[in-house]
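Biologist: Hi! I'm new to this one, could you walk me through it?
Modeller: Happy to, let me bring it up.

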Amino acid sequence: MTVVNEHMVRDALSRVVDPEAGVNIVDLGLVYGIDISPTRVQVCMTMTSAACPMTELIVDDIHEQLAAVLPPDVAIDVDLVWDPPWTPELMSQAARSIFGWQREH
Amino acid sequence: LSVAGRPVARRAALERLPLLLLGFAALIVGTGAGLARLAWPMPSAMAQAAGWHGPLMVCGFFGVVISLERAVAVGRLWTYAAPLLAGLGTALALHGGGALAPWFYLGASAVLLLATLSVLKRQREGFVLMLAMAAACWSVGTALWALGAAVHEVVLWWLGFLVLTIAGERLELSRFMPPSVAALRWFAIIAAGLLLSLASSLPLWWHNAAAGPWAVHGFGVALLALAGWLARYDIARRTVRQRGLARYIALCLLSGYVWLAVGGAVMASAGLEPGRPSYDAALHALLLGFVFSMVFGHAPIVFPAVLRVALPYHLVFYVPLILLHASLALRLVGDASGSFTVARWGAIGSALALAAFLVVMLSAVLRSRRTGSTRPTMA
């Protein structure tokens, strides 16, 4: 039986890419939390814009990427939250260097 | 928990298709109407709509696409009234209900404004305020038009609608870039310049005069400054170094910014006097060159978002983009040199670019079906 761990979930989420930025949602800092129980994986996430039509698509993509690695009896739950709001400081060093941030930021 | 937290059935997404088709009907008839104005022989349905070229493109096409996109983002049923009203406006315009059409477009703009204000309540950010201002510009321009103003008298407001919508979206994405106080300050100054130029044209309506020259020249200068801001602070300068779709989008954006600068410069120097070549040059540099470059760039992510169809990137995406830029350059050469013949060949080239764009997007969808890809390609 597959043991579900956070590393595996995070790995699957990092295959969900913002098509315009060409950067995945984990590096963009959109994933706020991952909660794993034997029957359920819950992902808490945000988007940079509430006016962006891509939200549905990204949530769908998360479901598909997780479904591909999780045992079929584990439920997937994606919670979309706007509080706390996303800030650029949440981006990983890898994402920042793509957009030209200096190291010390 | 938002409704967007659950996967949406593909069938539900496909129910949005009729709304989008109303937008594309406006695009196709509107383009034909534009060519009829340049004395190209067109089918009678398009030739009869010659006077509707501007409203069909701005309210009928962009109005539907932008308000549908916003409705998908907000996710509440009432927000879909905006693309529906705009689509009905187009249907009326083309079927003898021309007197009523502006009021339907006005209704669409009001719903878009309300939908955007509901986003603002959820997310109190400057870029959402810009999107709300943009929708308000569409409302003001369309209200003046419904009350009897000519299209050329309200076109500045309609430009404000499209330019501020794009500017707001780019401002949002610029937050990926290193934080810059100067960037925000300049953006605020430019946005204020655009809005003040528009507002300064309003008092003249009460005196029954056309928009003052100051409004147009000021607007042109602000557009030029916006092009500079985008070239400096937009993520496209960074994402152009990525590959595939991200790079294609970035190249659409950067080439669009060049046309924004050209259109702004023409407007700042020559004003916007209907019937003159500079009027044709400024409006088409902005609307075809700048705004349609944005459409070409974002279609591969917006179509999948709205319709849930896969639209995988392919190198052939560049063909309509190159055709668009080349034909527009030809048109502006014609305008600048006073050659109507060259300008109208440029126009037909742009119509072909739009047709090529539709064919390329549709064939990408069909190709993905054939190869069995079931989900939109995100990367």
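Predicted model: local features only at pLDDT ≥ 70, side-chain atom pairs only at ≥ 80, totals over all residues.

Biologist: Good to know. What is the secondary structure of chain A?

Modeller: Chain A has 3 helices and 5 strands. Reading from the N terminus, its elements come in the order α-β-β-β-β-α-β-α.

Biologist: And what is the secondary structure of chain B?

Modeller: Chain B has 16 helices and 0 strands.

Biologist: What about the radius of gyration of chain B?

Modeller: For 379 residues, a compact globule would come out near 21 Å, and chain B has 20 Å, so the value agrees with a compact globule. Its C-alpha trace spans about 55 × 50 × 40 Å along the principal axes.

Biologist: How does chain A do on that radius of gyration test?

Modeller: Chain A agrees with the rule too: with 105 residues a compact globule would be near 13 Å, and chain A has 14 Å. The C-alpha trace of chain A spans about 45 × 30 × 25 Å along its principal axes.

Biologist: Let's look at the sheet. What is the strand order?

Modeller: The order is β3-β4-β5 of chain A, an open sheet of 3 strands with mixed pairing. The edge strands are β3 (31-37) and β5 (75-80) of chain A, and each of them pairs on one side only. From one strand to the next, the twist averages 15°.

Biologist: Mixed pairing, you say. In which sense do β3(A) and β4(A) pair, parallel or antiparallel?

Modeller: β3(A) and β4(A) are antiparallel, with 6 bridges. These two strands form a hairpin, with 2 residues between them.

Biologist: Which strands does helix α1 of chain A lie across?

Modeller: Helix α1 (residues 6-13) of chain A lies across β3 and β4 of chain A, and runs at about 135° to β3(A). Helix α2 (residues 55-69) of chain A lies across β4 and β5 of chain A, at about 155° to β5(A).

Biologist: New topic: empty space. How do you find it?

Modeller: Rolling a probe the size of a water molecule over the atoms shows where empty space is left.

Biologist: What volume does the largest pocket have?

Modeller: The largest pocket has a volume of about 820 Å³. Its lining has 39 residues, with R37(B), H53(B), D280(B), H284(B) and R331(B) nearest the centre. Two or more lining residues come from each of α2 (17-37), α4 (53-74), α8 (151-173), α14 (277-307), α15 (318-337) and α16 (340-370) of chain B.

Biologist: Which element gives the largest share of that lining?

Modeller: That is α14(B), with 8 residues. By class, the lining of the largest pocket divides into 21 nonpolar, 12 polar and 6 charged residues.

Biologist: How many cavities of 30 Å³ or more are there?

Modeller: The count is 2 cavities of 30 Å³ or more. The largest cavity has a volume of about 690 Å³.

Biologist: Which residues lie nearest the centre of the largest cavity?

Modeller: They are P53(A), E69(B), E169(B), H298(B) and V302(B), out of 39 lining residues. Helix α14(B) gives the most to this lining, with 8 residues. The lining of the largest cavity has 29 nonpolar, 4 polar and 6 charged residues.

Biologist: Last topic, the backbone. Is the peptide bond from D83(A) to P84(A) cis or trans?

Modeller: The bond from D83(A) to P84(A) is cis, with omega near 0°. You'll find P84(A) in the loop between β5 and α3 (93-98) of chain A.

Biologist: And where is A39(B)?

Modeller: A39(B) is in the loop between α2 and α3 (44-48) of chain B. A39(B) has a positive phi of about 65°, although it is not a glycine. R308(B), in the loop between α14 and α15 of chain B, is not a glycine either and has a positive phi of about 60°.

Biologist: Thanks, that helps a lot!

How values were computed:
Residues numbered from 1 in each chain as written. Chains lettered and ligands numbered in written order. Heavy atoms only, no water. 1 Å grid on protein atoms, 1.4 Å probe; cavity = no way out; pocket = protein on both sides within 12 Å on 5 of 7 lines; lining within 4 Å. Points joined across faces, edges and corners; volume = space filled by probe spheres on them. Helix = DSSP H or I, 4+ residues; strand = E, 2+ residues; numbered from the N terminus. Nonpolar A, V, L, I, M, F, W, Y, C, P; charged D, E, K, R; others polar. Pairing = 2+ DSSP bridges. Axes fitted to C-alpha atoms, helices over the stretch in contact; angles between N-to-C directions. Contact = heavy atoms within 4.5 Å. Rg over C-alpha atoms; globule rule 2.2 N^0.38 Å.
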